Amino acid sequence: MKADIFLGIDMGSTGLKAVAFEAGTGATLAASGGGLPYRHLPGGGCELRADAIDAALMQALRGVAAQLGPRVAQVQALCCTGHGAGLYALDERGDLLAGRAVASTDQRAAGLARNLAQRQGDALYQEVGCRPWSGQPSLVATELFDAQGGGHRAIRRLLFAKDYLGFLLSGEIATDASDVSTAGLLNLDTGVWSALAFEAAGLADLMPRALPPIVPTGTVIGRLLPARAAACGLPAGLPVVMGAIDLLASLSAVGAVKSGHAVAVFGTWCVNAVVADAREPKPEVGAIVRHGPPASRLYLENSPSSMANVAWLARALQFDDAAAAVDCAMSVPLGAEGLRFLPFINGGGVAAGATAGFVGLKGHHGRAHMARAVIDGVAALHAWHLKRLAAHGLGVPGRVAALGGGARDPRLVRLLADFLGHPVERCGDDETGARGAAGYAALSQGASADEALPVRCVTEAPDATTAQAHAEFHSEFEALIGNMAPAFAQLAGRAP
């Protein structure tokens, strides 16, 4: 008898992919997807048209169904995961408002976020676990839809990326705590939507009417609509299951939710996280997320730019792709002969108003030095955040797993291990976000995700002969970022 199949759909900050996994072995049976055509706009805007999302979703599902062939009948359930925050607002017809979604890397509300942080940042941190930042749905809505003039009243439903995919497939509207909390919109104590967060953004009247119900991950929220099933070749009536934000799905896939070890996600964002018990007083980290059990928290240390820096590098210096940029970078030793890069192409969580740039650029530096400086900066920033988590006693000492697209390259993971001074597990050869979503689908059908969809990682060890050089580089990197704070403030239009 052939094993059951569970389908995970992952909408990231650059692409959308659907992956089918075999229960028991955890083997990947089919995978399909591609890039998403985000539009970068003046003023830091980053948007994605509704029709592009729909087309990418259906193309991915058709590809998986075709690859499965007759085994498509063994698919038991599907589940979606995706990047957090940004704005997925529906109008009265159930369409994305203005025909587009707004990405979490959008920076048009940066000024609003800074002003709000000055006034209510501490109070918001205590209630929702994070201070205001430009990609929050509430602030994006306020900035783009004229909250003072009432333009925001056109928002009839407020969703997140994974929830929008679930709505397209099932017609049902719901979300989970991990997305609401990551967006800074969940009261950590009560587990319900935060009135303070919406009031602070000037959107108090959205709460009674626009916010979806919060349901547990692994809950069946609906069934695959007949028209969708016919269009993509999946079984009609297939259970559509509530997932979690992509970070939590990835942590679940590699066992980090249970073990409590730290993970570094080399994705568009520089994401670093640990699952641990709730603590009071709250540790001063980037963000605290409530999910699942009431006493469990996801502690985050993030910046909006990790592999986004490498993607920019590839575009700006006309490399064929990100891999070619890394190849070129590795032809130059650590430190790029004195050249440094501030890895904040989409802003940063390290210092207020952080922006990207090269420091120490001289006439002898060329394309390879610039590439190496970017790669060094990306890995060093992950290490900086991970060390901050460890300083709060968060995580298992000496154990970190690297996930995300960048973790497919062992050289980047080895560089992180060199900066941390201990081995790092590499899970970049597997679609961990989609695997985690498929695990929630398995959970909805009574299966244990750990047993149904096992995953294997490999370990990258640091080079003992270069330990001192990497330690010195990282110490200088931390000092440089600290010393740049006045310049960041000046460039942001504020007094240093």
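What percentage of the 496 residues of the chain count as buried? In this predicted model, 57% of them do, where buried means under 20% relative accessible area with a 1.4 Å probe, counting protein chains only. Local features are described where pLDDT is at least 70 and side-chain atom pairs only at pLDDT 80 or more, whereas totals for chains, interfaces and linings use all residues. Residues are numbered from 1 along each chain as its sequence is written, and side-chain values use heavy atoms, leaving out hydrogens and water.

The chain holds 18 helices and 20 strands, which are DSSP runs numbered from the N terminus (helices are H or I, at least four residues; strands are E, at least two). Its radius of gyration is 22 Å, close to the 23 Å that the globule rule gives for 496 residues, so the chain is as compact as a globular protein of that length; the radius is taken over C-alpha atoms, and the rule is 2.2 Å times the number of residues to the power 0.38. Along the principal axes, the C-alpha atoms fill a box of roughly 60 × 55 × 45 Å. Of the contacts (heavy atoms within 4.5 Å) with a separation of 6 or more, 72% are between residues 24 or more positions apart.

Leaving aside neighbours within four places in sequence, R426 is in contact with several residues, among them A402, D409, P410, C457 and E460.

Technical notes: Buried means under 20% relative accessible area, exposed over 50%, partly exposed in between (1.4 Å probe, protein chains only).
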